[in-house]
Amino acid sequence: MFYSKEQFKEEFNRRLAVENGDKTESTAYHVLGKMVCEEVMLEWEKQQIANQNSGDKQLYYLSIEFLLGRLLGQNLHNLGAYNLVEEALGELGYKLAEIEELEQEPGLGNGGLGRLAACFLDSLASLGLPGHGCGIRYRGGLFTQHFVKGFQVETPTDWIKEGQSLEVRRDDLALDIPFYGETHMTVEEEGVRTELKNAVWVKAVPYDMPIVGAQGGTINTLRLWQAEMSEQPQPAELGHLMNELETAKISDRLYPDDALDSGKLLRLKQQYFLCSASIRTILATRNFDIEELPEKVAIQINDTHPALSVPELMRILMDDYELDWDKAWSLTTRTISYTNHTILEEAMEKWESRLLRQLLPRVYQIIEEIDRRFRMEWESKELDEQAVHKLSIMDEGVVKMAVLAVVGSYKVNGVAKLHTEILKKREMKELNEYFPHKFHNKTNGITHRRWLLGANPELSTLITENIGPEWIQQPAQLSELGYLADSRPFLESFQAIKKLKKEQLIHHLERAHNTIVDPDSIFDIHIKRIHGYKRQLMNILHVQQLYKRIKSDSNYRPYPRTFLFGGKSAPSYHFAKQVIKLINTVAERVNNDPIARRHLHIVFVEDYNVGHAQYMIPAADISEQISTASKEASGTGNMKFMMNGALTIGTYDGANVEIFDAVGEENAFVFGMSSEEVMRFEHDGSYDPKDIIDRDPLIREAIEELSSGEWSDGPHHADFIVRQLTEGGDPFFVLKDLADYARTHERVLAAYEHPVEWAGMCVRNIAASGIFSSDRTIQQYSEDVWGLSKVPTN
């Protein structure tokens with residue numbers, strides 16, 4: 001179907017005719033989707049059989065999120081058929097780009113964690129490595145974001161359309177997962193046997209989705225689990241309707257509100273549901289002796305959400321395979337590896353022991369035993385109180401999932417050099433000293449196939465025309481562009497493409513948000529999950545200052561700038577939701593002011609997702625990477641912007657540090673405190689934001705206006721913001737870094753006055769971006785952690 005343009009057109013028209021001659025884009029999308037599905041399915045089936053029959057080691061990547069984005073275009077790219085199909089459809093009167101936008105993005109993720117998992121799956125398949133994802137099939141996704149009078153409102157994401165996806169339901173692999181109940185131990189000749197009685201059962205049904213590798217790669221599998229009613233006998237006191245409702249919740253929403261015990265139990269259910277269903281299926285479908293597990297299987301847990309994999313694998317090996325503790329522990333700790341994604345104390349998952357004991361009684365017993373045995377190892381050493389606290393899995397009535405993950409894995413990695421060093425020297429110092437060979441760094445990466453080839457085909461073509469196509473398979477070859485950073489013809493071509501991408505974004509915004517933007521303005525883009533440490537608040541406070549200066553000083557008329565925001569707040573995160581309201585209120589005032597709007601424009605893109613990002617990132621002039629130093633583990637948005645020729649304004653945080661090293665600080669805009677300064681302030685408690693408020697009249701005025709509600713339609717809509725900046729001690733140093741941030745923006749304006757030099761800086765960023773491909777990251781994981789071999793090609 002995809003071997004020649006004429007063959008494709010003939011088959012497409014034949015199928016279109018079957019649809020009663022309906023030639024709408026919707027029908028074209030349906031027909032094209034079926035054609036891609038058939039092309040993929042045959043090869044995918046062969047690959048699954050080959051994996052099952054081979055003796056090669058398989059990776060299983062467990063993640064609570066997979067932010068895939070639209071798959072139709074990506075699959076066409078990876079099949080090598082995108083250009084052919086685009087031309088063929090064009091001759092038939094269709095635009096492939098518009099057909100692609102009819103696809104609803106899978107509601108399986110939120111931010112960088114899920115997008116990283118998606119990039120990793122793409123790289124595994126494209127490199128020909130046998131690596132599969134395991135996640136949850138959330139029917140309602142995270143949520144669809146709407147703005148009502150500037151406030152975020154959440155509704156379920158309706159993304160599952162039967163018959164319009166590559167999913168395959170696998171009833172043959174469905175299994176039942178137990179919750180609650182009581183453990184009963186009996187002594188038999190073979191040893192102690194443990195059973196769970198009076199449990200509440202939930203059926204886990206897998207939906208498999210092919211992950212298509214590029215340029216002759218392989219086709220791996222993403223397995224998503226859906227919770228359904230079990231046919232197992234249920235406790236008599238459990239009503240049918242209540243059981244049905246509670247079961248549906250497990251695979252309904254990503255990150256349910258955990259403010260109450262019911263929400264905490266639901267999150268725990270989701271995590272155990274994912275771990276138990278995935279690991280039991282991995283073992284049940286194996287074709288090797290169980291004692292060969294570490295040589296045949298690698299299980300990577302993406303953050304602590306799947307940390308219950310450690311006790312669950314122990315439970316299965318002991319209770320189902322009747323191995324003794326030492327043998328089971330040896331297999332477990334040589335099979336599981338763990339990626340840490342945070343250094344924020346509040347983000348280090350902890351679950352109350354009473355809830356774990358209630359929901360997962362047998363798993364809780366195993367966690368207790370892991371903790372007891374680990375304590376026996378280190379209690380004989382002379383440790384101070386802090387070391388005891390840091391090494392304890394169970395501590396003060398909670399189970400610390402990050403410690404459990406470290407103790408139960410053979411490798412632990414951070415996701416940027418700075419992040420890993422902070423883990424080793426501060427946050428997990430005692431664990432690193434106890435396990436000196438476990439900790440290592442794997443700086444995150446992005447798939448250039450989606451974020452450059454897919455999102456920016458015009459720039460990709462320009463690159464290929466000048467340095468050849470080798471960079472597509474070996475993105476490190478982008479370094480050859482460095483020689484063109486002073487070439488006037490190349491820079492002019494780059495500038496023309498940047499202008500085109502801005503126009504495409506403007507057209508997209510007009511359709512999606514009825515927003516008109518000046519194409520000649522500087523596009524300054526801040527797209528991230530809304531959180532205190534990501535400091536969207538600092539960005540909008542600076543915009544407020546610019547607005548007030550324009551209004552008060554008739555001589556201040558800066559070059560036009562469009563500030564674009566995108567991102568969602570957790571539904572129960574009141575501070576972040578107030579920041580969203582503040583951004584929208586400032587936008588309304590600035591955009592409707594006849595003087596200010598000539599110089600400033602603010603767009604908050606509603607329901608930001610991968611599809612929006614693929615328009616926004618190639619159009620950006622400035623990439624906002626302004627997290628508080630030492631708080632962002634890595635960041636991957638910074639890499640996507642860099643690869644598309646945007647310049648970073650950022651702090652010495654996460655992977656920013658490595659970006660600055662790669663491109664040179666002269667080709668970026670660096671500001672703010674270092675991680676060492678931030679950690680020193682946190683350690684000695686010497687930072688007091690009131691000193692800055694008292695000393696700086698602009699900041700004092702901003703706080704007063706926030707307190708009065710002038711910028712938020714009432715003081716109660718900004719009270720969380722004001723309290724955090726004042727009584728809360730400004731924990732993310734917004735006010736501390738604000739003045740330097742404002743000065744750095746003046747440097748941005750000064751640099752933009754020299755368009756040729758600016759374009760040269762952009763090209764140097766692209767040239768240095770190849771090392772941030774997820775292909776590099778995955779190759780390092782494969783060699784250093786997983787020990788995978790390439791899938792044999794036909």
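This is a predicted model: local features need pLDDT of at least 70, side-chain atom pairs count only at pLDDT 80 or more; totals for chains, interfaces and linings use all residues.

Biologist: Great, sheets first. In what order do the strands of the six-stranded open sheet run, and is the pairing parallel or antiparallel?

Modeller: The order is β20-β19-β18-β21-β22-β23, and the pairing is parallel. The edges are taken by β20 (600-605) and β23, each with a single partner strand, so one side of each has no neighbour in the sheet.

Biologist: How many bridges hold β19 and β20 together?

Modeller: Six bridges, in the parallel sense, with β19 covering residues 561-566. Within that pairing, G566 stands opposite V605 of β20. Helix α21 (residues 488-513) packs on the sheet and touches β18 (522-527), β19 and β20. The direction of α21 makes about 60 degrees with that of β18.

Biologist: Nice. Now β6: how many of its residues are buried?

Modeller: Five of five, for a strand spanning residues 175-179. L175, I177 and F179 point one way, while D176 and P178 point the other way.

Biologist: And which strand does β6 bridge to?

Modeller: That's β9 (residues 200-212), joined to β6 by five bridges and running antiparallel to it. For D176, the bridge partner in β9 is K203.

Biologist: Switching to helices, which residues of α26 are buried?

Modeller: N656, E658, I659, F660 and V663, in a helix that runs over residues 656-663. Those buried residues pack against several elements, including α16 (417-427), β21 (622-625) and α32 (755-767). Just after α26, G664 takes a positive phi of about 90 degrees.

Biologist: What about T339, buried or exposed?

Modeller: Buried, at a relative accessible area of 1%. T339 sits in strand β12 (residues 336-339), and its side chain makes a polar contact of 3.3 Å with that of Y781. Besides Y781, the residues T339 touches include Q300, D303, N413 and V415.

Biologist: And I721, where is that one?

Modeller: In helix α30 (residues 719-725). I721 is buried as well, with a relative accessible area of 0%. Among its contacts are L537, F575, V579 and L706. S707 is 14 residues away from I721 in sequence, with a C-alpha to C-alpha separation of 9.0 Å.

Biologist: I always ask about cysteines. How many disulfides turn up?

Modeller: Zero, in a search of the whole structure. As for individual cysteines, C37 is buried at 16% relative accessible area, and C762 is buried at 2%.

Biologist: OK, charges next. How many salt bridges are there?

Modeller: The structure holds 53. One of them joins the side chains of R14 and E11, at 2.7 Å from N to O.

Biologist: Why are R14 and E11 about one helical turn apart?

Modeller: Because they are three residues apart in helix α1 (residues 5-18). R14 is partly exposed at 46% relative accessibility, whereas E11 counts as buried at 17%.

Biologist: Which residue does D713 pair with?

Modeller: K581, in a salt bridge of 2.5 Å from N to O. This pair links distant parts of the chain, 132 residues apart: D713 is in the loop between α29 (697-708) and α30, and K581 is in helix α23 (residues 574-591). K581 is buried, with a relative accessible area of 2%.

Methods. Residues are numbered from 1 along each chain as its sequence is written. Side-chain values use heavy atoms; hydrogens and water are left out. Buried means under 20% relative accessible area, exposed over 50%, partly exposed in between (1.4 Å probe, protein chains only). Helices (H or I, at least four residues) and strands (E, at least two) are DSSP runs, numbered from the N terminus. Contact means heavy atoms within 4.5 Å. Two strands pair if DSSP finds at least two bridges between them. A polar contact is a pair of N or O atoms within 3.5 Å; within protein, one must be able to donate a hydrogen and the other to accept it, and residues adjacent in sequence count only if both atoms are side-chain atoms. A disulfide is a pair of cysteine sulfur atoms within 2.5 Å. Axes are lines fitted to C-alpha atoms, for helices over the stretch in contact, and angles run from 0 to 180 degrees between N-to-C directions. A salt bridge is a side-chain nitrogen of Lys or Arg within 4 Å of a carboxyl oxygen of Asp or Glu. Lists of a residue's contacts leave out its neighbours within four places in sequence.
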